[in-house]
Amino acid sequence: MRTISFTEATLEAMQEEMRRDATVFLMGEDIAKQGGIFGQFKGLPQEFGLERVRDTPISEAALVGAGVGAALTGCRPVVDMHFADFITCAMDELVNQAAKLRYMFGEQCVVPMTLRAPDGITKSAGSQHSQALEGWFMHTPGLEVVVPADAEDAKGLLKAAIRSDNPTLYFEHKMLFPRKGPVPDDDDFVVPIGKAKTMRDGSDVAIVTYGITVGRAIEAAALLEADGIDAMVINLRTVWPLDYGAIADAVARTHRVVVAHEAVRVGGVGAEIAAFIGEKCFDELDAPVVRLGAAHVPVPFAPVLQEAMYPKAPMIADAARRLVRKTL
Amino acid sequence: MAKTLAAPAGARRDLGIALLRMMIRIRVLEEGIEKHFLGGEIPGFAHLSIGQEAVAAGTCANLRRDDAIASTHRGHGHTLAKGTSMRGMVAELFARATGICKGKGGSMHIADFSVGMLGANGVVGGGFGLVAGAALSAVQRKTDQVAVCFFGDGATNRGPFHENLNLCAVWNLPAIFVLENNRYASTTSTAETMKIENVAMRAAGYGMPSAIVDGFDGFAVYDAVGDAVERARSGGGPTFVECKTYRARGHYIGDPERYRQKTEVADVMTASDPIVRMQALLGEALSLGEFERVWAEAREEFADAVAFARSSPAPEKDEAFFGAYTGDREPGNPVHDFEARERDEFLPFAPNVGTGSQGSGH
């Protein structure tokens, strides 16, 4: 194990996969000469050249469309979306093409494309540079959706995404890039898609979450510990395919669940999880599932407004505390 | 009408006969699809390319099996011309398990990766990115493959057209953009949807060379696309070829065609039917007996394809739930296990319906 930043972890993943497989290439805006707006591509063109690390026009529809075309014809493209918000400019290419081609063509093809999508609420980035859109793509059959929570996930999930023969969205939270964490030394280390990880065991309440909210849930667990409440934290790692088994196990162990994410709560990933628990684990529950997510408004600019509308550790801890004390 | 030229000889004659044969196969296929669609054996939507056969035939005659094409919702001709079997196509349109896409695609979403056919597309302009990507892939893998995008005039008003032409031009990719300007975008005349007469001028805006050809003339299409293929294969980058053609049927089978006069169709086809045109261009190089034999063989091929489709089973109901993800047919795979649970929920209520149009939409 070494302690490296989330950014370094993604860089290692890119380097290792590009060395391992000559059909892996990378394209996006500001990535080759600039090194990426978060420094996440620094050094790649020096090692792999400008044909495999391509600066592109600002043409999201063409990039994702060309990513699909290259994936259909023997390459493993990694397309950087600059900001996850700009996936909206390539929705046909992603939803109507990438997601559906394998199924509707009777499995004649694979679409091994990875979309890297820096997402989430950052320092006053405002409504069009702050969204978490994974719920849309969980709702779209044919796509895989992974959301790393730390440096270890960043490396292992990115490598898994690149190796996957399915189109995979890799949502990397902008605030996580500088954050450091332990990462295994093994250059074949992969985090399996579709498997959750227990970050902290606990018996009183389970906080089921993913992405940046995992860190917030661990903070909440520390606050709860001070109150004598033993909280479990589940890091889903993958939003689709969802690890329903791990969720059911967490319900069976704790009988109380808080589902938390930074994406809008209404119609979000948490809604699917809460519905699943209600349908399949009802008898295990001691209390209704609590869902936490961003308010149903665009992300605002002013820091005081921005910080008011999505859940962090105190709100998660409060929800868990009330669940345990049955003061809903 | 045909000019009075000397009949082609040698390789040119063979080419002309090959093009004619392909155009007749497409015509027979399209007319047959129309008949069986109206007869209720083909569900869904179907869009015919009658009148445009010279573009599919002339373009694909330049391509190798390992070159790629992307097609449109009006894609039967392109698919056949790229080398897909009529049996596989007709069985697909008849929604049978033996269809080239196992009955999951249908007319608008037919593909054949064994011949580099990356799919018809239900989205107008859906093929631009796929072709840019296939051309980029050839560069990345250091092959001399080329990729051809078929599209209509309507698609050139969509954003992906502009983004992908620019991308292919600036990266010098081995792509060929073959426009079938058939004068209608769905049911709206091209004159009402763009202010320019020649769409090819848009290519100039991206620094891409272009050609404008008579899209009823199989030789003309073949020659123009041939130049473009040669340029692309030799590293010279993309080309735009505008084929002036005509859609002799409605936008879809069943289109009441309120937007044009019946006489317009008759006038264009009398003057320009690409099959009649090629027959005239071949002149004495093709006897009437040979010409009739080509038609008879195509009709026989189609009849065989229909018989094959009719004798093929519908897909198993199970098939609805699998195939979206790799690995989803393997127990233990998380997607498989989820899909299998959904199958078990739905199957007891899945109705027994026929394969034809009477079976869909209830």
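This is a predicted model: local features need pLDDT of at least 70, side-chain atom pairs count only at pLDDT 80 or more; totals for chains, interfaces and linings use all residues.

Me: Which order do the strands of the open sheet of five strands in chain B have?

Reply: Residues are numbered from 1 along each chain as its sequence is written, chains are lettered from A in the order in which they are written, and side-chain values use heavy atoms, without hydrogens and water. Strands (E, at least two residues) and helices (H or I, at least four) are DSSP runs numbered from the N terminus, and two strands pair if DSSP finds at least two bridges between them. In chain B the pairing is parallel, and the order is β1-β2-β3-β7-β6.

Me: Which are the edge strands there?

Reply: An edge strand of this sheet pairs on one side only. Neighbouring strands are turned by 20° against each other on average, direction ignored, using axes fitted to C-alpha atoms and angles that run from 0 to 180 degrees between N-to-C directions. The edge strands are β1 (68-70) and β6 (210-214) of chain B.

Me: What is the bridge partner of B:A147 in β3(B)?

Reply: Strands β2 (residues 147-152) and β3 (residues 175-181) of chain B run parallel and are joined by six bridges. For B:A147, the partner in β3(B) is B:A175.

Me: Which strands stand at the edges of the open sheet in chain A?

Reply: Here five strands follow the order β9-β11-β10-β13-β14, with mixed pairing. Each edge strand has a single partner, so one side of each is left without a neighbour in the sheet. Those strands are β9 (197-200) and β14 (290-294) of chain A.

Me: Why does the salt bridge between A:E107 and B:K102 join two chains?

Reply: A salt bridge is a side-chain nitrogen of Lys or Arg within 4 Å of a carboxyl oxygen of Asp or Glu, and the structure holds 48 of them over all chains. In this pair, the closest N and O atoms are 3.2 Å apart. A:E107 lies in the loop between α5 (101-104) and β5 (114-119) of chain A and B:K102 in the loop between α4 (86-93) and α5 (127-140) of chain B, so the pair joins two chains.

Me: What is the phi of A:H255?

Reply: A:H255 lies in the loop between α9 and β13 (257-264) of chain A. Most residues other than glycine have a negative phi. A:H255 is not a glycine, yet its phi is positive, at about 65°.
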